[in-house]
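Let's take a friendly walk through a protein together. Have a look at the sequence and the 3D view, and then we will go from its core to its helix pairs.

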Amino acid sequence: MRSTSLTAPAPSLPGDVRPLRAERLRGLVDRTARGDREAYTGLYEELAPSVYGIALRVLRDSAQAEEVAQEALLEVWRSAPSYRPGRGSVTTWACTIAHRRAVDRVRSVRASCEREQRVVREETTRPEQVAEEVERSMEAARIRRALSALSAGQREALVLAYYCGYSQRRIADVLDLPLGTVKSRTRDGLLRLRDALRDG
């Protein structure tokens, strides 16, 4: 895998040069499909900025975008034999791979958080330290009841913040919401949660 910077801007091309570039990319893919590593190096350098840009737009996190872009470009190498020009340009094909992998990463993060939420909800007492566990269980039940009284948006923001450890900016990125909306939901949710726990 090449170490070329993924964040380098893609070169702007005059309209009459684009068909030549598209033809050159098809040639590079054909040679890559036959195992030509030098061709793959050229293909990597041509596609990296666009692939990284797609990943960054979906993930909004530069570190994760770089990881996903590297994975996508590795998939380009592996799946070059399956590329079909009739289904779209090389750039479109590569960006589709990047978009799919970025969306998969978002889903994976959400699934991980949901698993953690289930662990919290399904927490059971252990035979030892029964009194302490019963007390914890009762407190957890109070918190679950209080959380269930919140709006879905408030509950989601609080769970991501306190169970998953996300910052408000990260929550805004994951949920694709304005930062102000996340701050408002978190603040209002905390106020309602405090009142519910005090009354309960």
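Setting aside neighbours within four places in sequence, Val-51 is in contact (heavy atoms within 4.5 Å) with Ala-69, Ala-72, Leu-73, Ala-94 and Ala-98. Keep in mind that this is a predicted model, in which local features need pLDDT of at least 70 and side-chain atom pairs count only at pLDDT 80 or more, while totals for chains, interfaces and linings use all residues. Residues are numbered from 1 along each chain as its sequence is written, and side-chain values use heavy atoms, with hydrogens and water left out.

Val-51 also belongs to the largest nonpolar core, which has 30 residues. A nonpolar core is a set of buried Ala, Val, Leu, Ile, Met, Phe, Trp, Tyr and Cys residues joined through side-chain atoms within 4.5 Å; buried means under 20% relative accessible area, with a 1.4 Å probe and protein chains only. Which members touch the most other members of this core? They are Leu-43, Leu-47, Val-51 and Val-90. Two or more residues each come from α1 (18-33), α2 (37-59), α3 (62-79) and α4 (90-121), and α2 gives the most, with 11 residues. Another core lies apart from this one and has 10 residues, including Val-109, Leu-160, Ala-161 and Ala-172.

Let's zoom out for a moment. The protein has 8 helices and 0 strands; these are DSSP runs numbered from the N terminus, with helices (H or I) of at least four residues and strands (E) of at least two. Buried residues make up 34% of the 200 residues. Among contacts between residues at least 6 apart in sequence, 66% join residues at least 24 apart.

Is Val-106 buried or exposed? Its relative accessible area is 19%, so Val-106 counts as buried. Leaving out neighbours within four places in sequence, Val-106 is in contact with Val-58 and Leu-59. The C-alpha atoms of Val-106 and Val-58 are separated by 8.2 Å, although these residues are 48 apart along the chain.

Now for helix pairs. Two packed helices are described by the angle between their axes and the distance between the axes. Here, axes are lines fitted to C-alpha atoms, for helices over the stretch in contact, and angles run from 0 to 180 degrees between N-to-C directions.

| Helix pair | Axes come within | Crossing angle |
|---|---|---|
| α7 (residues 168-175) and α8 (residues 179-199) | 9 Å | roughly 115° |
| α6 (residues 152-162) and α8 | 8 Å | roughly 95° |

Gln-168, Arg-169, Ile-171 and Ala-172 of α7 make the contact with Leu-179, Val-182, Lys-183 and Thr-186 of α8. These residues divide into 4 nonpolar, 2 polar and 2 charged. Ala, Val, Leu, Ile, Met, Phe, Trp, Tyr, Cys and Pro count as nonpolar, Asp, Glu, Lys and Arg as charged, and the others, Gly among them, as polar. Within α7, Arg-170, Ile-171, Ala-172, Val-174 and Leu-175 are buried. Just after α7, Asp-176 takes a positive phi of about 60°.

In the other pair, Gly-153, Gln-154, Ala-157, Leu-158 and Tyr-162 of α6 meet Arg-185, Thr-186, Asp-188, Gly-189, Leu-190, Arg-192 and Leu-193 of α8. By class, that contact has 5 nonpolar, 4 polar and 3 charged residues.

Note on methods:
Buried < 20%, exposed > 50% of the residue type's maximum accessible area, 1.4 Å probe, protein only.
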